[in-house]
Amino acid sequence: MNDTIIQLPSKAAIQDITMELHCPLCHDWFRDPLMLSCGHNFCQACIQNFWKQQTKETFCPECKMLCQYSNCTFNLVLEKLVEKIKKLPLLKGHPQCPEHGENLKLFSKPDGKLICFQCKDARLPEGHSKEFLQISDAVRFFMEHLTIQQDQLETILRELQSLKNMQKDIIADFKDIATLLDRLEQGMKILAPREIISRKLNLGQFKGPIQYMKWREMQSTVSPGLSPLTLDPKTAHPNLVLSKNRTSVWHGDVKQVLPDDPERFDSSVAVLGSKGFTSGKWYWEVEVAKKTKWTLGVVRESIIRKGSSPLTPEQGFWLLRLRNQTDLKALDLPSCSLKLMDKLNRVGIYLDYEGGQVSFYNAKTMIHIYTFISTFTEKLYPYFCPCLNDGGENKEPLHILQS
């Protein structure tokens, strides 16, 4: 006598069967299944809600065939089949709602826990559908928040470690500071009769961020600090991509769909700093290494941002521009071609609002590059243009250095 071997269906097969018993609209077990005239089935509440959103004719969401509610019938066989399948032991692996017996497939933000679709229908106020997330979306949502928190904590730890190292350097190198001060004092004695006798200082070269020029050698022990500066995404051209901390910007191949706000550039691939200046002296540095072209500087708040405009001081632009890796120009009127003895990897920008001065420096050596002289009467903003990426040749970002 042969023994009869009964082979149970695999887990994958069971999952295929159960998916056929799920409503195509809510993706959960059928509840009060309604069969349309075309033969497709939907939860009664789901299909009614779907039809409420249609402005003209009612049709099947699956095959698009026109259907009338009066021609639909309740599928009692399907309803009983769902109830029997749900009781099978093979389906007990999923957590279920203790109130409704349905699988927990949604995350409720107000409750901070998993719920089923019946819970959502019972608790959903008008206009609050965003309070409920699919489990996969909820996982992604919290992972993004955790990443942001982690980045902030790592930044704080780096700053604390930097302060700790700085204190050690100040204690260890105090005699070196005294020696440097003596050298500076001797240098001033040499300069006094030869350079300053004219009583007129050269703007940019002598009238600039003196604390950076004279104390660059002491930066490991005394840091005067850069002006805190980030980028304003509301002004960014749709092709520009900003880093999460908004200190880097580069040109992307895909034009993003963004609101066409009045402050957003739609022609120049540019973005402004998030902070504007109406007084005082400010200095910031921008990393430009490995880039073949860029434009940096300061602009008036009222510049033309839609379409093109001459990039001149008369139009509110005080800019330094690089093209073809070596073609450096100050966009004055007329423009001024510039030559650099050293490679320009980092640009320093100095703004003296009351002094009417915008100066540019090789931030590594603090060698003066160019100075604009003007009279400022409205708010000024830092200007950043990484230019097109040129198929990857100019893909490196502009990066604002932080203190």
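Reply: Happy to. A nonpolar core here is a set of buried Ala, Val, Leu, Ile, Met, Phe, Trp, Tyr and Cys residues joined through side-chain atoms within 4.5 Å, and buried means under 20% relative accessible area. Please keep in mind that this is a predicted model.

The largest nonpolar core has 47 residues. Those with the most contacts inside it are Trp284, Trp294, Leu296, Tyr383 and Phe384. Another core, of 28 residues, lies apart from it, and Leu34, Phe42, Val82 and Cys97 are among its members.

Now for the sheet. Six strands form an open sheet in the order S9-S18-S11-S12-S13-S14, and their pairing is antiparallel. S9 and strand S14 (336-338) are the edge strands, each pairing on one side only. In general, strands of a sheet pair through backbone hydrogen bonds, either parallel or antiparallel. At the S9 end, two bridges join S9 to strand S18 (residues 380-385) in the antiparallel sense. There, valine 271 stands opposite phenylalanine 384 in S18. You have met that phenylalanine already: Phe384 is one of the residues with the most contacts inside the largest core.

Strand S18 also holds proline 382. Proline 382 has a relative accessible area of 0%, so this residue counts as buried. Between proline 382 and isoleucine 349 there are 33 residues in sequence, while their C-alpha atoms are 9.0 Å apart in space.

The structure holds six of them. In one, the side chains of lysine 306 and aspartate 260 meet at 2.6 Å, N to O. Aspartate 260 sits in the loop between strand S8 (248-251) and strand S9 (271-272), and lysine 306 in the loop between strand S11 (294-300) and strand S12 (317-323), so this pair ties together parts that are 46 residues apart in sequence. Aspartate 260 is exposed, at 58% relative accessibility, whereas lysine 306 is partly exposed, at 31%.

A second salt bridge joins the side chains of arginine 264 and aspartate 261, at 3.9 Å, N to O. Here arginine 264 is buried, at 5% relative accessibility, while aspartate 261 is partly exposed, with a relative accessible area of 25%.

Another joins arginine 346 and glutamate 285, whose side chains meet at 3.6 Å, N to O. Arginine 346 belongs to strand S15 (residues 346-352) and glutamate 285 to strand S10 (residues 281-287), and the pair links distant parts of the chain, 61 residues apart. Glutamate 285 is buried, with a relative accessible area of 2%, and arginine 346 is partly exposed, at 28%. These two also take part in a network of salt bridges that links Glu285, Glu287 and Arg346.

How values were computed. Residues are numbered from 1 along each chain as its sequence is written. This is a predicted model: local features need pLDDT of at least 70, side-chain atom pairs count only at pLDDT 80 or more; totals for chains, interfaces and linings use all residues. Side-chain values use heavy atoms; hydrogens and water are left out. A salt bridge is a side-chain nitrogen of Lys or Arg within 4 Å of a carboxyl oxygen of Asp or Glu. Helices (H or I, at least four residues) and strands (E, at least two) are DSSP runs, numbered from the N terminus. Buried means under 20% relative accessible area, exposed over 50%, partly exposed in between (1.4 Å probe, protein chains only). Two strands pair if DSSP finds at least two bridges between them.
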